[in-house]
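Biologist: Hi, could you walk me through this structure? I'd like to start with the core and then jump around a bit.

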Amino acid sequence: MEKQPKPELLAPAGDEESLRAAVAAGADAVYIGAKAFSARRYAQNFDREQMARAADYLHVRGKKLYVAVNTLIKEAELPAVLDEINCIYSLGVDGIILQDLGVAALAGKLWPDLPLHASTQMTIHDAAGVRFLQESGFQRVILAREVSLAEIKAIKETTRLELEVFIHGALCVSYSGACLFSSMVGGRSGNRGACTQPCRMEYELLRNGQAVEVQSGVRGPFYPLSTKDLFLLPHLAEVVAAGVTSLKIEGRMKNPQYVAAITQVYRRALDRLAEDPRAFRVLPEEEKAVFSVFNRGFSSGYLTGDPGPDLSAASRPSNRGFFAGRVKEYDRGRRSCRVTLVEELTAGDEIEIWTSKGGRRRVLLRELVLETGKDKPEAVFPLAEPVQPGDRVFLVNSRRLQQALRRLLRDESGPGKVECRMTARVAPGVPLTVIIDDYQGHTVTVSSAEPAQAARRHPLTPEVLEEHLCRLGDTPFAVKEFYPEITGEPMLTFGRIHQVRREAVAALREARLAGSYRSPRKREALEKAVAWEKGPVRSGPSSLVVFAGDLETVEAAAGLGPGVARIIFGGESLLPGAVWDETSLARAVAACRQAKISPVLALPRITREREQERVGTYLEIGRRFPPDGVLVSHPGSYQRVKEETDLPIYINYTLYTFNTATGFFWAGDPRVRGFTLSPELSAAEFAHFFTARRFSGLELEILVFASLELMVSQFCPVGAFSAQRPPAACGRPCRHTRYELRDKKGYVFPLVCDEFCRSHLINSRDLSLLDELPALREKGAGLRLDLRFYRAPVAARLLSLFQEALKTGDRRATHDGLWQEVMAITGRKTTRGHYRRGVE
């Protein structure tokens, strides 16, 4: 039977020990983060010296290194990030992982031979998005975790780009890159590598303002946005057959034990699968191994469809461990606990007891007595606090796994070693000559500094030479074949034999690393790349832009006319009962035309491969009832509009124009009429865009009012915990009932579900820059009011307020009068967001 080709197994490393563990466990490649500009800012990460060591460590072993520089980059950081990439490039890394499109464009020009990998933070979830990346110079795309197996196959059929998919580890509840939760709530942006994981916090689910009694097995604290971990080992054969290039393990924040255990399990499974695909099965000991290290419970994620409640880890947002048994009894006098085991425990293990009263007890088993029970073995150990019979016991840290990791790192013939063939020739009066060949075209020859002598008592034997030459220890190499050629009875001291061995190993190492380094670009080239031409400060009257949630709001905004330059409509509907169809879209265009206001058609925030027909319908309507442009919110939508229409394009803030380099990227397409600046930027950071000459002909937009989306998720808490059904069987209570999440501080976050069964978490406060309008009224900008969360009567009143403020231009009047009226109209408090403070 022909062997199945193996995809790359890609392991994470947050530090050097984890990197060594990944290689020893059989990873083909490792991805790391630089100290700066990495989406895992709180991992230890790698400074430049450590990155250089990592590159050599991997390359000499025939492994690949990818470096993540996958955050959004502020304008002031552009010189520093280019300098960092220049260093990374010089190390000979095999690819760089990027989120920022402006940085990617600069990297493609400065280092055209550096492979660019599109981070999952770019939210690529359809074939059109992959085509966009292909045209933009990327070599690989890390697909969104929400993409199903069928969609992976469909995407693979349409592209030559390498596809990388996650197969194990933590899942974000939001589409990666589509989350502002940590940013807006805590001032630390996930797009900047500083996510505080508010999705793993405790919340109440509210229905019409009242707490919902959750009936899905959740006891105690409720974590409705916390998801289980991804576990695709049972689906490995299907994923490999889909034709992906790289299988990625998440975990740069995890310890070396986790990295080694998970990597080793997938390495062995992939090898068995390649050897005999028909006979492939997941072994029980493999499942036990992955459960014995960090997990929140496991799920196949979205691979086979939207899982609904099965994705949730609502009762436990942290490590769940491996079920080991139940408490049999607690002896209060001796303060000891007896557990009936289903899995063996050993002294040095760390366990957690899930108590029916009082939460959880974490225990390090320093003392442990194992006994044979009537039916199952039992364990007895000291425990200060009482527990109840029947309480569950989980193994959360295995001493055996720790010992196995140490053995793995000491293994002289494991998968992290390069196999070699060694020949040793020696004779009296002739130097010892060692030839090492790595079977890959690298051969080195080293001779001793002095010739061997004629032996008087103990001549060298093949066994002695093998013992002292083939003992390569912690070097990258392992001798598979050894050929001793001894003439006569020579003698050479062991010290000189060892010296030859060391020199031979060093020479082979240098031979394997030769050509892996690159010459960095000169500093002048880096400085020139970000030296854009300034022009006069952008000026002229600003105008209002309305994003309407339904036809009634379009018609109301059109009726208020003065000061409104554009009305955006379409996309997904955030209002229960409202759906954009051919009739409503055509009427929206007509209402704008009649009011002499520019109509702009919006495509949905997410358009899965399975939803492409709906996108096609939108574009067909755009051709029949032409708007003045199309607002696109992800790369796939941009690509489809460019390929299938001749309509102008507006870039939404969700495509993160975070610096002028990204703005220049969009400005390079003559079809792009304008873009909206990211709401994570401050007023001072907006200023760079107002002075760039190249943007003088583009329409720049700033969000001045919005019920801002904190996240967009394929997981629906309403369906999971209210309807308690997966999307396919859900009765859609979200479309006629108000749902919210309330945190422990009392902040309430609306939960809105669209017609595609995606949930949108809305900020507890509306973004409002009403009192900042005097500073913005002469910037020649579009000031966007995103009113999709509100019905027409409220939306019209809000629009009137902003019209009055823009016309008045008096900061004092604006602040004292209209500011309070906004809250009176909506019933919600407001925030300026990052307008003054910026984001970390």
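Modeller: Happy to. The largest nonpolar core has 206 residues, and those with the most contacts inside it are Ile 32, Leu 143, Leu 236, Ile 567 and Phe 569. Keep in mind that this is a predicted model.

Biologist: Which helix gives the most to this core?

Modeller: That would be α9, residues 256–275, which gives nine residues.

Biologist: And is there another core apart from it, and with how many residues? Or rather: how many residues does the other core have?

Modeller: The other core, which lies apart, has 26 residues, among them Met 422, Val 426, Leu 469 and Leu 513.

Biologist: Back to Phe 569. What is it in contact with, leaving aside neighbours within four places in sequence?

Modeller: Its contacts include Phe 547, Ala 548, Val 554, Trp 580 and Leu 585. Also on the list are Ala 588, Val 589, Cys 592, Pro 599, Val 600, Leu 601 and Ala 602.

Biologist: How far does α3 reach from its first C-alpha to its last?

Modeller: Helix α3, residues 78–90, reaches 18 Å, close to the 18 Å expected at 1.5 Å a residue. Following α3 is Gly 92, with a positive phi near 80°.

Biologist: Now the sheet with seven strands. What is the order?

Modeller: The order is β16-β15-β19-β13-β14-β18-β17, in an open sheet with antiparallel pairing. At the edges are β16 (360–364) and β17 (369–372), each pairing on one side only. On average, neighbouring strands are turned by 35° against each other, direction ignored.

Biologist: How many bridges join β13 to β14?

Modeller: Six bridges join β13 to β14 (residues 336–341), and the two run antiparallel. One of the bridge pairs is Glu 329 with Arg 338 in β14. The two strands form a hairpin with four residues between them, and Arg 335 in the turn has a positive phi of about 50°.

Biologist: And what about β19, which strands does it pair with?

Modeller: Strand β15 (residues 350–354) pairs with β19 (residues 392–397) over five bridges, with Trp 354 opposite Arg 392. Strand β13 (residues 322–331) pairs with β19 over four bridges, and there Phe 322 has Leu 395 as its bridge partner. Both pairings are antiparallel.

Biologist: Let's switch to Asn 295. Is it buried or exposed?

Modeller: Asn 295 is buried, with a relative accessible area of 0%. The residue sits in the loop between α10 (284–291) and β12 (298–299).

Biologist: What does its side chain reach?

Modeller: A polar atom of the Asn 295 side chain lies 3.0 Å from the backbone oxygen of Phe 291. The side chain also reaches the backbone nitrogen of Gly 297 at 2.8 Å.

Biologist: Last one: why does Leu 492 count as buried?

Modeller: Because its relative accessibility is 5%, and buried means under 20%. Leu 492 lies in the loop between β25 (490–491) and α13 (494–513). Among the residues Leu 492 touches are Leu 432, Pro 451, Leu 460 and Ile 497.

Technical notes
Residues numbered from 1 in each chain as written. Predicted model: local features only at pLDDT ≥ 70, side-chain atom pairs only at ≥ 80, totals over all residues. Heavy atoms only, no water. Core = buried A, V, L, I, M, F, W, Y, C linked by side-chain atoms within 4.5 Å. Buried < 20%, exposed > 50% of the residue type's maximum accessible area, 1.4 Å probe, protein only. Contact = heavy atoms within 4.5 Å. Expected span 1.5 Å × (residues − 1). Polar contact = N/O pair within 3.5 Å; in protein donor to acceptor, adjacent residues only side chain to side chain. Pairing = 2+ DSSP bridges. Axes fitted to C-alpha atoms, helices over the stretch in contact; angles between N-to-C directions.
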